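Subject: Structure handover

Hello,

Here is the structure I said I would pass on. Please look through it first; my notes follow below.

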Amino acid sequence: MLVEAVLYDGKSSKEHEVVIDFTFGRRVKIASHGIDVALDDIEIDSRLGDTPRVLEFPNGVRCKSKENDKIDQILLDFNIKKSKTHKIESSWGLSLGAVLITIIFVVFMLTSGANYTANFIASILPQNTLDKVSKMTLDKLEDGYLYPTTLSEANRTILQKHFDKLTKGEKRYVLHFRSSNRIGPNAFALPSGDIVLTDQLVALSKDKEFRDILGVLAHEKGHVVNKHSLRMAIKTALSGVIIGYMTGDISILATGIPTVLINSSYSREFEKEADAHAVKELKKMNISTIYIANLFESLAQEHGMDENSTTLQLLSSHPLTKERIEYFKSFAKE
Amino acid sequence: MEHKSENRPTQYHTFSFKGSGSEYFRIWIVNIALTILTLGIYSAWAKVRTNRYIYANTYINGSNFEYNADPIKILIGRIVVVGIYATFVVFSQYLMMYEVAGVIAFIAFLLMPWLVRQAVSFKLRNTSYRNIPFKYRGKIGDFYIFFILHALLNIVTLFLAFPYSYVKFKKLIISNSEYGQGKFSFDGTTGEGYSTYILVFVWTTIFIIGIFMFIGLILVVLGSIFGGDGISETAQMASVLTDINSTIPLDANISYDNNMTYSNEYSKEELGLIGMVGTMFAFLVYLPIIFWQKGLSDGYFSNFVRNFSRLEDAPLKGSMSPFKLGVISATNIIMIIFSLGMLYPWAKIRYLRYKLENTHFRCSDYEQFESLGYEKGSTVGEEMVDFFDIDMGI
């Protein structure tokens, strides 16, 4: 079979129009240049779109041919293996498959994939790393945000008992009582299992036995158990990589756009998960969820919240308090 | 092709790109899918196929370019770079052994000039035209001298010397590049470097001021229509938007306690809304502005570099309109956003084609070049530059 090509002799940039003759006996001849070599001695590059095919001959001689189809036929006739990649690339059907694989992968990595990755990373991370990060954060907060508690010994004992029962005495969980006017009524968990509870939140409790605060503590423990901070970090990093790949420009990461995107959509999911954890724990301890619902309600009233707007709900970064109150109440009725 | 053209007045030939978006799309998406399925290993082959496709479709005077890198070598380079980076991250972020991480970072820092030279050399020696490879002859010592001198210079002058450094860097790269026995040279002057920087700066400033005046005008109109205080609200949004970003460091390590804070619950509802508006604002206004500016400066600098580069006595010429390149860049990013990335191949080719079709070369004899053979060498520098997305603009 004859194939038209341009030949470079490997010494200069001169181009020579030649005809390559693929003959029986697996010999390849170019009469005009006295070339007669075995087919196995030339290397035929894999096809790539319709770009000129490169055929490398011994001694730096190189030919380029636009007759891609003919060369494919020769490879087939002489039973030479060829790269399958072009076969995939040239088919719209298989390319569509590639699109699907990509989309499925991206969606998976941003949903449950992030959880698996978080669990995996958490399992290989030495616990003392989490502890160190948490300790550094806590130290930062202690400096200017948190002050020693003013709760009475008796109240603290009740709360500590609740906490111990909740955590079954697991050593990683430590409850810190602090006062903070700047942070206000709040409780938060660090990945190490340190949970900080402010006096201001305790002050809002209407239950003598602090069963509402117990609900809050269970919620915070849910954040730790579900490794929310790690998952958030992984999702943020992943979405950054994806956006960088999509736009072909990593510099977008510096704009903080991925962080904003991720924060608004995922923290909502995490809050729901932590709430569900709280419900589960409260049930186990045989405590009604009505207490935490009441605490939420009185907080809402105290701050004169306007919960009528439903348009905001869709855009909000977390479930509305009203929705969460309903959620807790629905379990209280059971 | 055999005729000599020495006695004719030589004309500029223009580069062209013969690839198509639909063909490139399939190569691109198959590359991504195979990279996913092979857990990243295929990425080296993907890089080679992408570059081969782009080079092979780039033509001048009827002949195309070639990309000859070996994927196995790229893979090794990638593994080395990722391995070192991962070690650094493990030591700095997880084990908190800052001394070890510091030593790794310091060694990488010391190797930087050498790695940059390696990357330049890799790109050139794996590019060929008419079976003649390009080559890089720059000395490692010159790179160290360049980086040390210019780092100090820019610290002392608070980066006012940057255009000067840019011109010197281009000279270091281009004047040490070769094609066969032919040598490239770059003779852009510092003065021209400064005027290019000033042009880019002035147009960017004027454009951004214009955009904000335009947005302001729209808000005034909206404000008067709805009778509310649209401007102050938007100003408020803008101020909170920056606030969201700046407060992240404090909350970053705390497990999500947002909803336990009730004292500012209402404002958090607003924050959600503002976050969405802000995100949309960012995507539809901020990103196109950034990309317009990138295109604009790319246009100016590409013209500058081309207009002062020669291969022996054969000059290159750039005739891009920086504004048009800016518009292409900005509309590309909008295309990419609305297609969730799927139009990326078309966008890339559109941008590349415009640049190539405005690049010209005047050579009296394309057949005069002699091959000095293909060379081999390390890929680590190239992969480092690739991994950290350092743009050297060669």
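Which residues of α2(B) are buried? They are B:Ser43, B:Ala44, B:Trp45, B:Ala46, B:Lys47, B:Val48, B:Arg49, B:Arg52, B:Tyr53, B:Ile54 and B:Ala56. Buried is used for a residue with 20 or more other C-beta atoms within 10 Å of its own, with C-beta atoms placed from the backbone. Because 11 of its 14 residues are buried, α2(B) is largely enclosed by the rest of the structure.

This is a predicted model, where local features need pLDDT of at least 70 and side-chain atom pairs count only at pLDDT 80 or more, while totals for chains, interfaces and linings use all residues. Residues are numbered from 1 along each chain as its sequence is written, and chains are lettered from A and ligands numbered from 1 in the order in which they are written.

Helix α2 of chain B covers residues 43–56 and reaches 19 Å from first to last C-alpha, close to the 20 Å expected (1.5 Å times one less than the number of residues). Helices (H or I, at least four residues) and strands (E, at least two) are DSSP runs, numbered from the N terminus.

In chain A, β6 (residues 53–56) pairs antiparallel with β7 (residues 62–65) over 4 bridges; pairing requires at least two DSSP bridges. The hairpin they form has 5 residues between the strands, and A:Asn59 in the turn has a positive phi of about 65°. β6(A) also pairs with β5(A), residues 43–44, in the antiparallel sense over 2 bridges. A:Glu56 stands opposite A:Glu43 and has A:Arg62 as its bridge partner in β7(A).

Regards

Note on methods. A residue is buried if 20 or more other C-beta atoms lie within 10 Å of its own, exposed if 12 or fewer, and partly exposed in between; C-beta atoms are placed from the backbone.
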